[in-house]
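Reader: I'm new to this one. Could you show me how to read it, a feature at a time?

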Amino acid sequence: MFLRDVCGLKFSGAGGDRVAITADGKVLAKNYQTCVRDALKGWDALPEAERKPGAVNVGKREATDDDRPKPPPGGLIVKVYLRALGHDDHGKLRHAVPKDFIGDGDLRARYLQINPGLKLRDDEVDRIAQNFRTHKRAYEAHPDYMWLTEEEWKSLVPDKPTVGNTFPVPPGITKRIFRFHLDLNRTIGDPISQKIHLGELSLKVESVSPAEISMRLGGFAKVSDDLSGNNNRTFEARLYGRLVVDRKTGTFSRFDMLALGDTYGPFEAGLGHWPYSRPGRSPYGIAFGLLDAAASPAERFVPPRGAGPRFTWSSYFGTPK
Amino acid sequence: MKCSYLNRVAVWSAVLSSVSCAALLLAGETPLAKLKVPAELTPEQFAEYHALVRPAADELPWAKISWQASVWEARQLAAAEGKPILIWSGGGAPPLGVC
């Protein structure tokens, strides 16, 4: 409301905007590329009386200012990173590099390998290759957030922990991880909800002391963006994890999980990805861990998969709120 | 004779079973058969691969900024500290979300 009514701003939606304003609503800059530079120039041009600390009285929060999805009370926020990987000359996993995507001057052949019959002009091939050379998006770690309710994370803490005991991760949590967080499209397109072909997760108690319970997570999964059943991009992975419960607080002090595996097959059209899939089997990794205690306030509110207003409790948690 | 026949049947049966398994493997029916990652990771391997997937020190520099979750909270902070506000919006909740 404030941004629309006071600042007179309209946002473009999915395309994204960068805008700079003052605390009382003056718009300093709107150009996406030069926003920070323009804003500082505009800020410096304001009278000192408007810039000094305490010059603006913001007033009380309006109800509409807090209309945002919130994590479940008492729940667990898990930070997730997804990354395309590659193999080095010795077969060891490493970060993906442009050559993994565009090959060595054979992009057209690679394209046809995964999308037979596709017609591509030379300039289109050049543009795609250039994108992969210059944009970091395909190679960087991509953030996401997983939310567990208090009831859910407590269900992972054994009542009577005994070393060697193994128990399955409850189906609701397993399904959420597989469907929403083993997202194979993330590093190159929009987040998707995936079809689960198979998989399981279990926890094994490894050590118990008066201070903590240490558990090892293990499992596997096969998921795909097979929304139309057309043999689309698939992610096969093994899952590993190290979870530690602080017995004094009864909470998790460590919640590290890792999915490592391969993606393969063509992406389904219309998922916002770049118009290219890596041929063959491409290594891919997803790391999970507790949100850092020093995380920014915003990180405690970013909904899983950046869903924003589209986030719905029932579709994510599988239960009515 | 009978014993030999049974042995032959057993051998053929074993061969057929192997062929069936091989066919399933070739068809990609055996889950995870082509994965090169190990079934178990040592604590050292787990730490190494977990770090490999997470951001490197020089990645995602904007994620190190203490972003506020609401415009009102950002305005409060900006007014108290005498600073302008940068709003970064878009699908997928940038700069902290998925895009």
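Reader: Is Leu184(A) buried or exposed?

Author: Buried means under 20% relative accessible area, exposed over 50%, and partly exposed in between (1.4 Å probe, protein chains only). Leu184(A) has a relative accessible area of 2%, so it is buried. Do keep in mind that this is a predicted model, where local features need pLDDT of at least 70, side-chain atom pairs count only at pLDDT 80 or more, and totals for chains, interfaces and linings use all residues. Residues are numbered from 1 along each chain as written, chains are lettered from A and ligands numbered from 1 in the order written, and side-chain values use heavy atoms, without hydrogens or water.

Reader: Where in chain A is Leu184(A) found?

Author: Helices (H or I, at least four residues) and strands (E, at least two) are DSSP runs, numbered from the N terminus. Leu184(A) sits in the loop between helix H8 (171-181) and strand S7 (195-208) of chain A. Gln194(A) is ten residues from Leu184(A) in sequence, and their C-alpha atoms are 8.7 Å apart.

Reader: How many helices and strands does chain A have?

Author: Chain A has nine helices and eleven strands. As for burial, 51% of its 321 residues count as buried.

Reader: Which domains is chain A divided into?

Author: Domain bounds come from an automatic or database domain assignment. Here they give domain 1 (2-51) and domain 2 (76-317) of chain A. The C-alpha centres of these two domains lie 35 Å apart. The C-alpha trace of chain A spans about 65 × 65 × 35 Å along its principal axes.
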